[in-house]
Amino acid sequence: MATFVKRTEIPLEGARALPRAYFTSPAIFAEEIEKLFSRNWLCAGREGRIAKAGDYFVVAAGEASVIVLRDKDGSVRAFHNVCRHRGTRLCETREGRFSETIQCPYHSWTYGLDGRLQGAPSTNDLAGFDKSEWPLLAVATEIWHGFVFVNLAGDPQPVATKLLPLNERMATYNLRSLVSVHHQIYDVAANWKLIVENYSECYHCAPVHPELSRLSPPTSGANDLSEGPVLGGYMELNAGNESLTLTGRACGVPVGELPAEEHRRVYYYSIFPNLLISLHPDYVMFHTLWPEAPGRTRITCDWLFHPDTLARPEFNPADGIDFWERTNRQDWHICEQSQLGIGSPFYRPGPYSHREALSMQFDREVLRQLGHPRHY
């Protein structure tokens, strides 16, 4: 892992929050979809969500709808949710299971789970028509520690290259073997960047999260990744607390072979542009962000536990799930209030404090990838 850098050591250089247009402008939102969400690796969800052949789920990646599925050989594949005939959406539901094929609801063009066109009614008499030339359009897909990533770009670099700084820590936390116990979807009336900025600082924790602040001091911890597309660090648990739960007790077995100091910490990382991952000693929570409009974001949240937790009646995963259900909704509410305030023509960006240094660094990454000059 990178050397730890305290929040106060990140130079702010007079940084201010982003201007109003970055949260309200349809033009900037469209540019973000084109340059950020259509060119970066996006976390689509967990591989365990498609455990069996034919299982699928659909994500809205950038401007595209993408089907993520498990094929007959057990491989994970992704395809654009577009029939090659006249463009009809193949899947209307967010998840399900294909029997053996994928069939267009319009004219019954039928594809195998490997994407090959198998049937196209009334095309036998078309001169030069060759089914092999009309497969579903594939989307680049990779698995990283049990997470499925997709990329709409033509020839992206391997996802592991981008996430190399986190590989050691993710292995320690046994991410590949953990199972999802609860999956929640939130519809938040706020810009996606406000969600990441809020996640990246605990300056707001005392007034917004009284339950969290009692368990974990808002001024504790340090950052170990403080520049670029992966940002984050840890916060400490108060003495006597074992995890972030309603009771303060551990709600599951340790997720991995953690060093002693890791049992006293919770790590928080943002992976640009759409993954937020929180590593607790006894469970892992992650969010994926799917922007739908300048002022609206769909958020998925999953809680992952060691399989042994589910067989141990003395543990109660709901203790951690309910804690973050409450905390998440506190965050979404304050982000929605921020969106409303920023929407005012009288809004003027204020200065970032040293406790918001990672939020500032996230803004810099947004501006860098958009190709926009810094606004301060």
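Cys91 is buried (under 20% relative accessible area, with exposed meaning over 50% and partly exposed in between, for a 1.4 Å probe and protein chains only), its relative accessible area being 7%. The structure is a predicted model, in which local features need pLDDT of at least 70 and side-chain atom pairs count only at pLDDT 80 or more, while totals for chains, interfaces and linings use all residues. Residues are numbered from 1 along each chain as its sequence is written, and side-chain values use heavy atoms, with hydrogens and water left out.

A disulfide is a covalent bond between the sulfur atoms of two cysteines. With a disulfide taken as a pair of cysteine sulfur atoms within 2.5 Å, the count comes to one. This bond joins Cys202 and Cys205, whose sulfur atoms lie 1.8 Å apart. The torsion about their S-S bond is about -110°, so the disulfide is left-handed. Both Cys202 and Cys205 are buried. Cys91, by contrast, is in no disulfide, and the nearest cysteine sulfur, that of Cys104, is 10 Å away. For Cys301, the closest cysteine sulfur belongs to Cys43 at 12 Å, too far for a bond. Cys301 is also buried, at 0% relative accessibility.

Helices (H or I, at least four residues) and strands (E, at least two) are DSSP runs, numbered from the N terminus. Helix H2 spans residues 26-37, and its buried residues are Ile28, Phe29, Glu31, Glu32, Ile33, Leu36 and Phe37. These buried residues pack against helices H1 (21-24), H5 (192-199) and H9 (357-370), and against strands E1 (42-46) and E16 (284-293), where contact means heavy atoms within 4.5 Å.
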